[in-house]
Amino acid sequence: IKPPALGGGYTVAILDSGIRKTHISLRGKVLYEANFSNSPTAEDIFDHGTAVAYVAAGGRHVYGEEAGAGPGINLFNIKVLNDDGMGSTESVTLGIEEVIRLQNEAQERGEGPLSPMFPNMINLSLGSPDDGDPDNPIRVACRRAIREDIRISTVAAAGNGGPGAGTIATPASDPLVIAVGALGVEPYSILDYSSRGPTREGYIKPDLVFFGDRLLLASSKSDTAFSVRSGTSFSAPAIAGVSVLV
């Protein structure tokens, strides 16, 4: 019998509202924290980033226990949204640049992709309306992370602006960013609120869809709290986690 794929050794940077790293499902998984929001700490007061982190890497692979896509994955907590869930172009761009810096430093130390401090992927469960501008600073930063000499795969939530066409958010609208929409189980279909393409530049989006409806996820309300959540914010980190496993 082959051992389960857990994502051990790989690291996903969660750019969000912070992570409650003491949560029972996330203890020992957050290896680095940085705060680029205008809130005083990297804690998840808004109660969003903790759930996102859980989807990618929460829990344990143990029979009878809930877990995320890759419970062996390491996490970087890069807070770019404040305690009201609001961010800025500057905060998100600085967060992406921080992840790039951390990988550059890991490379300079001679570390490879399986080093815990070597970020392999960025998750952006955030967005703003698509302005059709390829020079949008967040999109530029994403492409810099993805480029050949860095190769940090970047996943972003497609947005919850559906079902109308042309509702994909930025940075998911960038052709190099993996845009993830939300899928329901009953009925098995793309959820109405999941944003649709094309983008303002005519790109076909989203790139992938994944389950995102009524998921039981970790909550930052306490170290043992869970809540039921829905949205493309939670489909995206599932793809980030599964991508690491692949």
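**Close-up 1. The residues that line the largest pocket of this predicted model.** In this predicted model, 16 residues line the largest pocket, and those that lie nearest its centre are Leu81, Gly85, Gly87, Leu126 and Gly127. The space in this largest pocket comes to about 270 Å³. When the lining of the largest pocket is sorted by class, 7 of its residues are nonpolar and 9 are polar, while no charged residues are found there.

**Close-up 2. The second largest pocket and the elements that supply its lining.** The second largest pocket holds about 180 Å³ of space, and of the 13 residues that line this pocket, Val55, Ala67, Gly68, Ala69 and Leu215 are the closest to its centre. Helix α1, strand β10 (residues 208-211), strand β11 and helix α4 each supply at least two residues of the lining, and β11 gives the most, with 3 residues. By class, the lining of the second largest pocket divides into 11 nonpolar residues, 1 polar residue and 1 charged residue.

**Close-up 3. Helix α1 and the elements around it.** Helix α1 runs over residues 49-57, and because 9 of its 9 residues are buried, the helix is largely enclosed by the rest of the structure. The buried residues are Gly49, Thr50, Ala51, Val52, Ala53, Tyr54, Val55, Ala56 and Ala57. These buried residues of α1 pack against the strands β1 (11-16), β3 (74-79), β4 (121-124), β11 (215-218) and β12 (226-229), and also against helix α4 (232-245). Just after α1 comes Gly59, which takes a positive phi of about 75 degrees.

**Close-up 4. A cluster of aromatic rings formed by Tyr188, Phe210 and Phe211.** A pair of aromatic rings is described by two values, namely the distance of the centres and the angle of the planes. The count for this model comes to 4 aromatic pairs. One of them is formed by Phe210 and Phe211, whose rings lie 5.6 Å apart from centre to centre, with 70 degrees between the planes, and this pair is edge-to-face. Because an angle over 60 degrees counts as edge-to-face, the 70 degrees between the planes of Phe210 and Phe211 places this pair in that group. Ring pairs link Tyr188, Phe210 and Phe211 into a cluster. Phe210 has a relative accessible area of 28% and is therefore partly exposed, and Phe211, at 33% relative accessibility, likewise counts as partly exposed.

Terms used. Residues are numbered from 1 along each chain as its sequence is written. This is a predicted model: local features need pLDDT of at least 70, side-chain atom pairs count only at pLDDT 80 or more; totals for chains, interfaces and linings use all residues. Side-chain values use heavy atoms; hydrogens and water are left out. Rings of Phe, Tyr and Trp (its six-membered ring) pair if their centres lie within 6.5 Å; planes under 30 degrees apart count as stacked, over 60 as edge-to-face and the rest as tilted. Buried means under 20% relative accessible area, exposed over 50%, partly exposed in between (1.4 Å probe, protein chains only). Helices (H or I, at least four residues) and strands (E, at least two) are DSSP runs, numbered from the N terminus. Contact means heavy atoms within 4.5 Å. On a 1 Å grid over the protein atoms alone, a cavity is a set of points where a 1.4 Å probe fits but cannot get out, and a pocket is an open set with protein on both sides within 12 Å along at least five of seven lines; lining residues have an atom within 4 Å of a point. Grid points are joined across faces, edges and corners, and a volume is the space filled by probe spheres set on the points. Ala, Val, Leu, Ile, Met, Phe, Trp, Tyr, Cys and Pro count as nonpolar, Asp, Glu, Lys and Arg as charged, and the others, Gly among them, as polar.
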